[in-house]
Amino acid sequence: MRITGIHHVTLICADLERTTAFYRDVLGLALWREGTNDDDPGARHFWFAADPHGAPGTVLSFLEYAAMGAGTQGTGGTHHIALAVGSAEEVAAWRDYLRAREIPTTEVFERSGLAS
């Protein structure tokens, strides 16, 4: 047995329309699949993918729980999600694109050949 990669990551959101407006309309990810969650059929579940076919390793999915309280930072939480692009110049272009839309970003820095 061995792990060969990450298939997808699932996050919780309060509003799938707002989430779609960001991940599809701002970032350009495909809204690859819409439905309900297999484990909780009362929860809407959307999948966004960098690959239009939802290839493993390109998918972020979101469960909608509008009434759930806001998360807190700390152990067990998610620090960030890093999305891959082709170059450090493209990272800077994304930073500028997001800031032009008043979406906060962190500073861009390069570490071990990886732009972050």
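1. Phe22, Tyr23, Phe48 and Phe62 make up one aromatic cluster. Rings of Phe, Tyr and Trp (its six-membered ring) are paired if their centres lie within 6.5 Å; planes under 30 degrees apart are stacked, over 60 edge-to-face, and the rest tilted. By this rule there are five aromatic pairs.

2. The model is predicted: local features need pLDDT of at least 70, side-chain atom pairs count only at pLDDT 80 or more, and totals for chains, interfaces and linings use all residues. Numbering runs from 1 along each chain as its sequence is written, and side-chain values use heavy atoms, with hydrogens and water left out.

3. Overall make-up. The protein has two helices and six strands, arranged along the sequence as β-α-β-β-β-α-β-β. Helices (H or I, at least four residues) and strands (E, at least two) are DSSP runs, numbered from the N terminus. The C-alpha trace spans about 40 × 40 × 35 Å along its principal axes. Of the 116 residues, 22% count as buried; buried means under 20% relative accessible area, exposed over 50%, and partly exposed in between (1.4 Å probe, protein chains only). Among contacts with a separation of 6 or more, 45% come from residues 24 or more positions apart, where contact means heavy atoms within 4.5 Å.

4. How are the rings of Phe22 and Tyr23 placed in their aromatic pair? They are edge-to-face, with 5.0 Å centre to centre and 90 degrees between the planes. Phe22 is partly exposed at a relative accessible area of 27%, whereas Tyr23 is buried at 15%. Tyr23 also pairs with Phe62: the ring centres are 4.8 Å apart and the planes stand at 45 degrees, so this pair is tilted. Because Tyr23 lies in helix H1 and Phe62 in strand S4 (residues 59-64), the pair ties together parts that are 39 residues apart in sequence. Phe62 is buried, as is Tyr23.

5. Phe46. This residue belongs to strand S3 (residues 44-49) and is buried, with a relative accessible area of 6%. Not counting residues up to four places away in sequence, Phe46 touches Leu16, Thr20, Leu31, Arg33, Glu34, Gly35, Leu60, Ser61 and Phe62.

6. Thr20. Helix H1 holds Thr20, which is buried with a relative accessible area of 6%. Neighbours within four places in sequence aside, Thr20 is in contact with Asp25, Leu31, Phe46 and Phe48.

7. Helix pair. Where do H1 and H2 meet? Phe22, Asp25 and Val26 in H1 meet Trp94, Tyr97 and Leu98 in H2. The residues of this contact divide into five nonpolar, no polar and one charged. Here Ala, Val, Leu, Ile, Met, Phe, Trp, Tyr, Cys and Pro count as nonpolar, Asp, Glu, Lys and Arg as charged, and the others, Gly among them, as polar.

8. Helix geometry. The axes of H1 (residues 16-26) and H2 (residues 88-100) come within 13 Å and cross at roughly 135 degrees. Axes are lines fitted to C-alpha atoms, for helices over the stretch in contact, and angles run from 0 to 180 degrees between N-to-C directions. H1 and H2 are therefore oblique to each other; angles under 35 degrees count as roughly parallel, over 145 as roughly antiparallel, 65 to 115 as roughly perpendicular and the rest as oblique.
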